[in-house]
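These are my notebook entries on one chain.

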Amino acid sequence: MELFRRLFGKTAAVPFVNIHCHSLAAVDDGAASETVMEQMLRRAYEDGIRFLCFTPHFHPPYFQTDPARIACSFEKAQKFAEAELPGLRLFLGNEIFCRQNTAEQLHAGRCRTLNGGSHVLVEFAPSEEFSTMQSDLLELCNAGFRPVLAHVERYRALYHEERAAQLHRSLIFLQGNCRVLAGPRCEEKAFLKKLIRSGTLDIVADDCHNLGTEQPGLSAGYDAICRQFEEDEAERLFYRNPLMVLTDGVLPPQNTGRRIPIYGNRSRWEDYNHKEEENIKKIYTI
Ligand SMILES: [Fe+2]
């Protein structure tokens, strides 16, 4: 990882991977225009993000942007990145408001998985009941998808007992929002830290929507984690796990030495390490 330190010259030893953002122009409640999109991409880049997945909301009837319009906006973002932000890799997905028919919507091509793989970023209403969340998520798993639950700190139903751990054990990946981790002390931040201590949080993303209160960036959260936990934990949350989700690999071993069931097979992790190195070589021509 020394290479990345030299390449990026930041506190982080790795390039950041952001799997949840709304910086694609004019497709949801995120970037309002192409200019704002470009400014948001530039800010993400300056913060050290090198792998970025746009995840426009898919929440009919409120957000159901024509896939052709999303593809057109994505093409513009790619052209801008190629010209201005060397080494930034862009991907496409959706943040899907989870319902019983989500698997059908995915199979019908009305919404997207992350980078066309098996992982799906999903959200619920903050007040949703645990039983509904659990059954809808497991239904997605049974349909062959791997759900990634967005901004896990929003769901008060998960604050009780070991419910978050229960989802985690069912191979549902839990994503926390960076600005909560980097922000002032609050109940949501305490919940995320509890999940990190128990090895239950999988990914941190910025869920940026604009250049103001919900702006792009992961470095503040990375630094906050490094101050309170091992740097390896920060690398797991901001780099290894999100990169694995984008490349459809398997979860690496936990820093606690425990392994995730099913994916926790040593040979598969070694295989993934190998694939990851190949990916990175392709991107950075090491
Ligand atoms: Fe979001």
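I looked up the sheet in this predicted model and found six strands in an open sheet, in the order E3-E5-E6-E7-E8-E9, with parallel pairing. Two strands count as paired if DSSP finds at least two bridges between them. I noted strand E3 (57–58) and strand E9 (203–205) as the edge strands, since each pairs on one side only. In general, strands of a sheet pair through backbone hydrogen bonds, either parallel or antiparallel.

I recorded two conventions. Residues are numbered from 1 along each chain as its sequence is written. Because the model is predicted, local features need pLDDT of at least 70 and side-chain atom pairs count only at pLDDT 80 or more, while totals for chains, interfaces and linings use all residues.

I then followed the pairs. Strand E6 (residues 119–123) runs parallel to strand E7 (residues 146–149) over four bridges, and His119 stands opposite Arg146 in E7. Between E6 and E7 the chain passes through helix H5 (residues 130–142) in a right-handed β-α-β crossover (with the strands pointing away from the viewer, the path from the first strand over the helix to the second runs clockwise).

E7 is joined to E8 by two bridges, in parallel; here Val148 stands opposite Phe173. Strand E8 (residues 173–177) is joined to E9 by three bridges, also in parallel, and Gly176 stands opposite Val204.

Last, I counted elements: the chain has 11 helices and nine strands. These are DSSP runs, helices (H or I) of at least four residues and strands (E) of at least two, numbered from the N terminus.
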